[in-house]
There are 2 protein chains.
Amino acid sequence: MSLLRAAPVSPSAAAMTRLRVRRDTLPRADGAAPAAADKREPVDTDTEDDDHDVGLDEGGLEGGARRRGRTGGFESIFWKSSDYISPERKAVSGERKRVTMASSSSSSSPIGVAIIGGGLFVKEQHLPAVLACRSLALRAIYSRSLKSAESTAALIPGLVAAAAAEAGQTQQQQPHVDLYSEDSDPGRALVDVLSRDDISAVIIALPILAQPAVVEAALAAGKHVLAEKPIAKDVPAAKALIASYHAQRAATSGRCTLSIAENFRFIPRFAYAAEAAARMGRVTHFSVKVMSHMRPDNKYYQTAWRQEPGYQGGFLLDGGVHHAAAARLFLRGEANRAATVRAATDLVQPGLPPIDTVAAVVRTAGGATGTFLHSAGTLMEAFEWDVACEGGWVRSAGETVTVKPKDGEKTERVFERTSGVKDEVAAWANGIARGEPNPLQSPEEALADLEFLEKMFVSGERDGELGRYELQL
Amino acid sequence: MSLLRAAPVSPSAAAMTRLRVRRDTLPRADGAAPAAADKREPVDTDTEDDDHDVGLDEGGLEGGARRRGRTGGFESIFWKSSDYISPERKAVSGERKRVTMASSSSSSSPIGVAIIGGGLFVKEQHLPAVLACRSLALRAIYSRSLKSAESTAALIPGLVAAAAAEAGQTQQQQPHVDLYSEDSDPGRALVDVLSRDDISAVIIALPILAQPAVVEAALAAGKHVLAEKPIAKDVPAAKALIASYHAQRAATSGRCTLSIAENFRFIPRFAYAAEAAARMGRVTHFSVKVMSHMRPDNKYYQTAWRQEPGYQGGFLLDGGVHHAAAARLFLRGEANRAATVRAATDLVQPGLPPIDTVAAVVRTAGGATGTFLHSAGTLMEAFEWDVACEGGWVRSAGETVTVKPKDGEKTERVFERTSGVKDEVAAWANGIARGEPNPLQSPEEALADLEFLEKMFVSGERDGELGRYELQL
């Protein structure tokens, strides 16, 4: 497990300023204590170009109508069956007992990690997730601008304090985090992060078009990569990246690994619902309806690269890939995988080019029929996955999952609102420690998510032409 | 207003047994007091061939999850704008104050009416609606078998008593109702009902395939007809019926009128929702999701003509035409009418031929995109219409209507569960009295409902071929 030992700082890294982040030396601009990011209050209004992730607001579409509450404890068969992760158990009625997924590796030396990107999603999600994961040691942050890297690092003391408080620890162990950026002094650019031997893993959260080249560079440097979704702007680009990855992996005797960060696959609510559906036999009908309005004052809308996207789908790709991933949790395997699609696409809000609406009819290989309706440019509010199977029906709407077996009682379970990113990052770390990436984070899964949408977009462009899926798992 | 005077009994009618229906002489087979049909408890388990109406259970698909309650009072602009009917006002919090829609004609002599059909829907809906309408005088019931006609008539005393009690009247005025059937003595067949001068209007609720010929016969006899939906088994048959009607109407100087009974257009909840949407400008997105399981033990499933339907769509036509009608309340006018459709159809439950599922993507003339997902063969439970407009969003789910103006507060209104049939029958009577049929009951509306579905069925048969709507209003 040489990857896990704390490697000495490389010469180039040693030449860099080492920043000991302290809360008293790096207060927030507004002087307030940083909010706990997993509560998803805005930590910062920074609108750097490399922020992620529009789709995070996965439960944010139902406004005041959503009921809130806590779920009872459960263990996900869906996850456990793969034996890769043991999900954080949700404590019943206020009892908070955490079983960290990465605990199996916590006795080893932690994995040195760098975060590439300093946008909203890094600040609000990746950073707290890394700091909360005992098997990861954050060693560096890279962002396009030093200002962005600094504003990200400034959040660390508060997050560490919050994590310590939650764990009931009085001692806070602040990490040593080096900052890198394109506008820093020589020796502090991206290539320098990737050349550090004490950093064996990187989380990459950059704009969609910028990301594949950085992923390839990180893989070439032998790093374990967790790259934000979508895997690429389109299926050909994703296939090229995957081919490059496998070539690189072969060349380096499997040293590097590529995982794609799709946090929706780690949201307990979806895992619970998909698991319930999987017990009910073949899917017969489904309906996905995710409708919201990406308003001009939305923090993600402010991002320049999102306002003028150079990739298909615009917000429908950026956020929609999450909804595709959640749909695909139900549409798995030979019988249930998506087989064909016809779709209509539309641009309703001029500020959301190229399209903001997709309405599709999807058929599975097993003959089930379903609709996928998604818009970022509508006043309709919906966040719903309905799946009927031969043996029952499962519905995930907002934070509530309803399960109705054919001859059984209907049950409802209300889940805590969570992005899934902490579990996602912990699962990634665990995969590195075990030497086997988590299959829910495989590039092939992310490719299938992308294809699920892309065939809809293409069908929409071609007036509803039949699209045939080829990459579903 | 010669049509409204109580004409003397014709010779053929005089020859018939006149049945004075009394509760003590015609008890129910099971000896129980008839239930109030507008509460929609099964009145009878009679499974005569001419029962209607599978789609009545419009709110019956959400089981225990549905909230129940009463709506506050409202008056429908949607209805009042046409100035044809003044809907029954729903009294707030228990105060029951009824303003019968047909009250404007109640000072005239009542309209003599016959009911053609003696199935479930007549027993549970049409019969109580006719008896509750002061401007209608029930004079005859025809059914295929005398047994069915008798079992229908046997319900009258209880219904009259219930109506009197509701109106606070101590006196019950029992109508004189003559029974007709194919197995009765000569002079008591269908043709004899239609030849009676004291019967100027007929309600026809027969199996889908049997109905058009009877409608034509009634029109030829100069009657005002209220015929159950769908108007016919398919668009060509419906067009032929409408052509025949207009020819007949011209030949009789407009004496006869044809109205189609689509009770969903008279359900206050839909009228309220459609009216709210109409105030919000052009439709941008919509979603219709009506999912249920027509189980073999369902009373409507027991009907022979439904189990082996000789018409397209099976239950999807029979019940689906209601859901199409409700959808079309939102999709009206030059901008919002449905323009094109692509659909997939499926048979999931072998007992529901020829198809039990349709999933469609519909585009309006104004470019809005929507999905229409309907199945009678699924374990999914849904009864939802969502419509987004430029100025807000309206949702009807179960009995609850949610209205969210773009810059306003979200409001929820829970409606009483009702079939709309009493309002529908009263509106029909009012139209007769005024000499102008209610436009919501026009055959052209019913034709548009039928086309809305038929294009989906055809597209499904042809693997999603684009269908173009031509008859939407």
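User: Why are helix 7 and helix 8 of chain B called roughly parallel to each other?

Analyst: In this predicted model, local features need pLDDT of at least 70 and side-chain atom pairs pLDDT 80 or more, while totals for chains, interfaces and linings use all residues. The axes of helix 7 (residues 211-220) and helix 8 (residues 235-251) of chain B come within 10 Å and cross at roughly 5 degrees. Such axes are lines fitted to C-alpha atoms, for helices over the stretch in contact, with angles from 0 to 180 degrees between N-to-C directions. Angles under 35 degrees count as roughly parallel, over 145 as roughly antiparallel, 65 to 115 as roughly perpendicular and the rest as oblique. Helix 7 and helix 8 of chain B are therefore roughly parallel to each other. Helices are DSSP runs of H or I with at least four residues, strands are E runs with at least two, and both are numbered from the N terminus.

User: Which residues meet where helix 7 and helix 8 of chain B are in contact?

Analyst: From helix 7 of chain B come B:Pro212, B:Val215, B:Glu216, B:Leu219 and B:Ala220, and they meet B:Ala240, B:Leu241, B:Ser244, B:Tyr245 and B:Gln248 of helix 8 of chain B. Contact here means heavy atoms within 4.5 Å. By class, seven of these residues are nonpolar, two polar and one charged. Ala, Val, Leu, Ile, Met, Phe, Trp, Tyr, Cys and Pro count as nonpolar, Asp, Glu, Lys and Arg as charged, and the others, Gly among them, as polar.

User: What do A:Arg332 and A:Glu445 tie together?

Analyst: Their side chains meet in a salt bridge at 2.4 Å, N to O. A:Arg332 lies in the loop between helix 12 (320-330) and helix 13 (333-336) of chain A, and A:Glu445 in helix 15 (residues 443-461) of chain A, so the pair ties together parts that are 113 residues apart in sequence.

User: How much area is buried between chain B and chain A?

Analyst: The buried area is about 3300 Å², with 58% of it from carbon and sulfur atoms. Buried area is the accessible area (1.4 Å probe) that two parts lose on being put together, summed over both. In chain B, B:His285, B:Leu379 and B:Met380 lose the most area to chain A, together 19% of what that side buries. In terms of contact, 46 residues of chain B touch 46 residues of chain A.

User: Which peptide bond involving B:Pro354 is cis?

Analyst: The bond from B:Pro353 to B:Pro354 is cis, with omega near 0 degrees. B:Pro354 lies in the loop between strand 8 and strand 9 of chain B. In chain A, a cis peptide bond joins A:Lys229 and A:Pro230, with omega about -15 degrees. Residues are numbered from 1 along each chain as its sequence is written, chains are lettered from A in the order in which they are written, and side-chain values use heavy atoms, leaving out hydrogens and water.

How values were computed
A salt bridge is a side-chain nitrogen of Lys or Arg within 4 Å of a carboxyl oxygen of Asp or Glu.
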